[in-house]
Amino acid sequence: MKRKYQIIIACLTVGFISSCSKFLDVKPKDSILPDEYFETEIQLNKALIGVYDVLGSSALYGNYMHGRMGLDADEGFQRSSTLVTGPITYDVEAADLTVQNFWAALYDGINRANFLLENIHRPKMDETKRNEIKGQVLFLRGYYYFLLVANFGDVPLITTATKSIGNTQIARTPSKQVYEQIEKDMLAAEPLVKSATEVGFGGKINKSAVWGILAKVYLYWAGYPLRDQTKYEEARKWSLKVITSGEHTLNPSYQQIFINYAQDKYDIKESIWEVEFWGNDAEAYVESGRVGSVLGIANSTDDPVVGRVLGYINATATLYRRYEDTDLRRDWAIGPFRYSGTPPAKINYSATQIYQRNAGKWRREYEVVSPKSIISTPQNYPLLRYSDVLLMYAEAETEVSGTPNAAAYNAINQVRRRAYGKEINTPNATVDFSGMGKASFLSALQDERSRELAFESIRKGDLVRWGLLVNKMKTVEADFGKDIVPDNLKHGAKTFKSASARDVVFPIPAYEMSLNRLLIQNYGW
């Protein structure tokens, strides 16, 4: 059982800590001041969990990152016509609270990390344990900056704790320098943290998570807008370390990955890093999220088995047609049925009912916590899966080699074999890719990443770094124009019509610009 505790470490950081991690169980504590803190190993570990906790906040993976931020681009659209503006519809203003809260939560996490790093020397404790804490904090600070630079471009780079509300005038740092700091933090973290096998579960930073996220950082750095293609070699190097570690393999069942998230079961071989949630809101301390609620197969009843599901996002027909009929991932990632009646019964969609289908990866019927909360869930959310690493390696290997080679084909074909129910490590001529040129292979890989990782807050970032965001959004808009779309879903076309070149980044929040006069707004906003 995880419990909540809270400290105040600075006047800008209130409610600093709440537990969302398996590796430390603590009881509720009263608020205390920073001068009284960081005196013991236990307090240091509590502060560490406070840095992790930002991941599960509603502004990030607790809600917005998979329900409001539009991070899946051409894969989904808002089911309801009642919320007609915001990042989810690519019709957003600098004053949007979703964007503001996203920015604020990330800098909150960075400030927590900075404060802990500045005080990490204080307790008397085993140095190996101290260094492991330091490695996790450095990595998380790097990850929070990665989310900032990927979504806003140039951002203020702050590596010391903010202790005064008057210290607000900080200019934006060029993205290249932000990436260099991310790289520095993650490389420093890598030798300090334990292996994935030693950690044993996905909620805590491990070496494989550092390696895999480093590979992702380098792929972003190599892509738009910086286009430093020397970083493909680094992406290849770090993704290969995950593959050759011998600690990871694909779960034979694609569906089981997501059932595990619903049931709080860990599979460190496939799910390398995940955000943890728990509970049903029945206690005063809440550490649940909205995974499976905002992204799920809609159900309007409080059924004890199915649970209430808001089902904000429907899949685009463009995504649906990206799958072949025999691809087992399609009818899991995209709900093939709707719920009807009380108790809810599953009613299968017809072959022509494509736009009606919800994003369906996280299904509340598999949750084991009872009774179910109305809209909050205990389901975990993946930040790095092994299939993502294999596909990143295939991309980086091809970019470095100049042509798809046997290693690149082997990586992508493992993912494809599972998708079609084949033995993962046995070549299969019916599903394996082969004989492609570089351009064809990379195009096929881009589609494969979408099929494998749909609705995991990855697609928009991929399209941006490939320079394809607007092009792909306009493809979906055109599909809306050609297809027969139910009247109550035609509003979905607006999302793709609204997307433009400025949407490769979010606007700098207006509230932040009002406080920090050195900030300059992103182009087009």
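1. A word on terms to begin with: buried means under 20% relative accessible area, exposed means over 50%, and partly exposed is in between (1.4 Å probe, protein chains only). This is a predicted model, in which local features need pLDDT of at least 70 and side-chain atom pairs count only at pLDDT 80 or more, while totals for chains, interfaces and linings use all residues. Residues are numbered from 1 along each chain as its sequence is written, and side-chain values use heavy atoms, with hydrogens and water left out.

2. Let's take the overall build. The protein has 18 helices and 6 strands, where helices (H or I, at least four residues) and strands (E, at least two) are DSSP runs numbered from the N terminus. Its radius of gyration is 22 Å, close to the 24 Å from the globule rule for 525 residues, so the protein is as compact as a globular protein of that length. That radius is taken over C-alpha atoms, and the rule is 2.2 Å times the number of residues to the power 0.38. The C-alpha atoms fill a box of roughly 65 × 55 × 45 Å along the principal axes.

3. Of the 525 residues, 60% are buried. Contacts (heavy atoms within 4.5 Å) between residues at least 6 apart in sequence join residues at least 24 apart in 71% of cases.

4. Helix 9 (residues 254–262) deserves a look: 7 of its 9 residues are buried, so this helix is largely enclosed by the rest of the structure. The buried ones are Tyr254, Ile257, Phe258, Ile259, Asn260, Tyr261 and Ala262. Their cover includes strand 2 (271–275), strand 6 (381–385) and helices 11 (330–333), 13 (406–419) and 14 (438–453). After helix 9 comes Asp264, with a positive phi near 60°.

5. Glu198, in helix 6 (residues 196–199), counts as exposed at 55% relative accessibility. Its side chain reaches the backbone nitrogen of Ser195 at 2.9 Å, a polar contact (a pair of N or O atoms within 3.5 Å; within protein, one must be able to donate a hydrogen and the other to accept it, and residues adjacent in sequence count only if both atoms are side-chain atoms). Asp462, in helix 15 (residues 459–466), is buried, with a relative accessible area of 3%. The side chain of Asp462 makes a polar contact with that of Arg465 at 3.0 Å. Leaving aside residues up to four places away in sequence, Asp462 touches Tyr220 and Arg449.

6. Now some backbone geometry. Most residues other than glycine have a negative phi, and most peptide bonds are trans. Please check the cis bond between Thr342 and Pro343, with omega about 0°; Pro343 is in the loop between strand 4 (337–340) and strand 5 (345–348). The bond from Ser370 to Pro371 is also cis, with omega near -5°, and Pro371 is in the loop between strand 5 and strand 6.

7. Finally, which way does phi point at Ala73? It is positive, about 50°, although Ala73 is not a glycine. Ala73 lies in the loop between helix 2 (64–67) and strand 1 (76–78) and is buried, with a relative accessible area of 3%. Arg227 has a positive phi near 55° and is found in the loop between helix 7 (207–222) and helix 8 (231–244). At 45% relative accessibility, Arg227 counts as partly exposed.
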